[in-house]
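Subject: Structure handover

Hi,

Here is the structure for you to look over. My notes on helix packing, cores and salt bridges follow below it.

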Amino acid sequence: MSKQFDVVVIGGGPGGYIAAIRAAQLGFQVACIDEWKNDKGGPAPGGTCTNVGCIPSKALLQSSEHFDHAAHHFNDHGISLDNLKMDVARMVGRKNTVVKQNNDGILFLLKKNKVSFFHGRGSFAKAVEGGYEINVAGAANEVLTAKNVIVATGSNARALPGAAFDEDKILSNDGALRIGAVPAKLGVIGSGVIGLEMGSVWRRLGAEVTILEAMPGFLGAADEGVAKEALKAFKKQGLKFEFGVKISKVDASGEGVVVSFADAKGAEQTLVVDKLIVSIGRVANTIGLNPEAVGLQLDERGLVVVDGDCKTNLPGVWAVGDVVRGPMLAHKAEEEGVAVAERIAGQHGHVNFATIPWVIYTSPEIAWVGRTEQQLKADGVEYKAGQFPFLANGRARALGDTTGFVKFLADAKTDEILGVHIVGPMASELIAEAVVAMEFKASAEDIARICHAHPSLSESTKEAALAVDKRSLNF
């Protein structure tokens, strides 16, 4: 006997659980299915983000940054420490606690909003009159029926051909978060978000880190000026980079891992490391979803095909987050989840892809929203640029972190903000002002005329906006 719902959400990550809660708030009877397990076999909703992505990586970044400050910067503040050491097991234990707190928080929110939670793998069984039958394979197998189904099954790490993840020596983001001791030598393939963040964690704790990148340059998606400044800072910290590489073989049969590659000049090179993190992108997770049972359309990359409103080719079936087109970002998934729930209710849910911020939580942090200077040039857009360094910011000097700058790009005629790019302290927080401004079609002058607290890092945002019209007061 199946259990009847108005909406069934398959996946309890940021897109899924948010969609389920919003649908319940709109008066629907909602079920959310999620298969993630904690170390005791219990439910661990939150998807990749909470379990092996955004949340645990930030916990390790924070711990490693504290250690780095204690080792290299506390003395500047008059704080002396003897015999400084890092207890990696305790650091990882704290990370696990943070993850569990988030898992439990999501379960609480689902219960509070009267969402029925089912722990197991959800899959399509068949189309039935008025909706779809969904199987839940878990400790207790269940059959659910719903008129509307939201697919939010997320993504998995992409493996390097010929180098499958063993999560011991060849690591995905999952294994990278569970390293039990500081490796003497760490290799990272891919200089994207995951590679940079995980490389930064273990570099701070004493590992010799080498990052191999197939692209000829660094952070091609970021503004060129930001990428250049960030690369300079990372190299100063001790991270080693090789760009334009072509990897021919990865051998983990011995004690460590041997990576054979051709460098940018075509010369054959060998990198020998204790651990190798592979972060070359992610692939849509439709494992076990059984889309063929109902004729759900996937594209050549395995993504669920959707239109601009996240509708699939099937009536009443929607998909959000990493399993569909667009950036694989937790906050993008959340926005889509809310929008779909509202669309099911007959409302006009909205997601503006032009104002989705990007953040890399390294030190310095990197964040941007909107178009880069190179994109504006390529598109032939007339623009004005304004930039202000944290070196001239009093709060940044007091923090002891003056790396980087804020950069504004505005339309040359209308002054509308087209992009904001930040590299430096707390960029992840500062970018929110730019997102709000761009959502409301603000001009650079609007930001320049808003009173910002003094002293604050956000004053650099104001000064960069002022600099668009060459009116910066401090630089």
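Is E416 buried, exposed or partly exposed? With a relative accessible area of 27%, E416 is partly exposed, because the buried class stops under 20% and the exposed class starts over 50%. Please keep in mind that this is a predicted model.

**Salt bridges**

The whole structure holds 20 salt bridges. Here are some of them.

E416 pairs with K441, at 3.9 Å from N to O. This links distant parts of the chain, 25 residues apart. E416 sits in the loop between β20 and β21. K441 sits in the loop between α11 and α12. K441 is exposed, at 60% relative accessible area.

K240 bridges to E208, with the closest N and O atoms 3.2 Å apart. K240 is in strand β10 and E208 is in strand β9, so the bridge ties together parts 32 residues apart in sequence. Both ends count as partly exposed: K240 has 42% relative accessibility, and E208 has 35%.

D309 bridges to R343, with 3.7 Å between the closest N and O atoms. D309 belongs to the loop between β15 and β16, and R343 to helix α8, so this pair ties together parts 34 residues apart in sequence. D309 is partly exposed, at 35% relative accessible area. R343 is buried, at 15%.

There is also a network of salt bridges. It links D223, E373 and K407.

**Nonpolar cores**

Nonpolar side chains tend to be buried together in soluble globular proteins. Here the largest nonpolar core has 38 residues. Those with the most contacts inside it are L196, W202, F218, L219, F234, F241 and I366. Several elements give two or more residues to this core, including α3, α4, α6 and β18. Helix α7 gives the most, with 5 residues.

Look at F241 in particular. Leaving out residues up to four places away in sequence, F241 touches L196, I211, F218, L231, F234 and K235.

A second, separate core has 28 residues. Among them are A367, V406, A410 and A442.

**Helix packing**

Helix α3 (residues 54-72) packs on helix α6 (residues 193-204) at about 35°. Their axes are 9 Å apart. The crossing is left-handed. On the α3 side, the contact residues include L60, L61 and F67. On the α6 side, they include M198, V201 and R204. By class, the contact has 5 nonpolar, 3 polar and 6 charged residues.

Best wishes

Terms used
Residues are numbered from 1 along each chain as its sequence is written. This is a predicted model: local features need pLDDT of at least 70, side-chain atom pairs count only at pLDDT 80 or more; totals for chains, interfaces and linings use all residues. Side-chain values use heavy atoms; hydrogens and water are left out. Axes are lines fitted to C-alpha atoms, for helices over the stretch in contact, and angles run from 0 to 180 degrees between N-to-C directions. Helices (H or I, at least four residues) and strands (E, at least two) are DSSP runs, numbered from the N terminus. A crossing is left-handed if the near helix is turned anticlockwise from the far one by less than a right angle, and right-handed if clockwise. Contact means heavy atoms within 4.5 Å. Ala, Val, Leu, Ile, Met, Phe, Trp, Tyr, Cys and Pro count as nonpolar, Asp, Glu, Lys and Arg as charged, and the others, Gly among them, as polar. A nonpolar core is a set of buried Ala, Val, Leu, Ile, Met, Phe, Trp, Tyr and Cys residues joined through side-chain atoms within 4.5 Å. Buried means under 20% relative accessible area, exposed over 50%, partly exposed in between (1.4 Å probe, protein chains only). A salt bridge is a side-chain nitrogen of Lys or Arg within 4 Å of a carboxyl oxygen of Asp or Glu.
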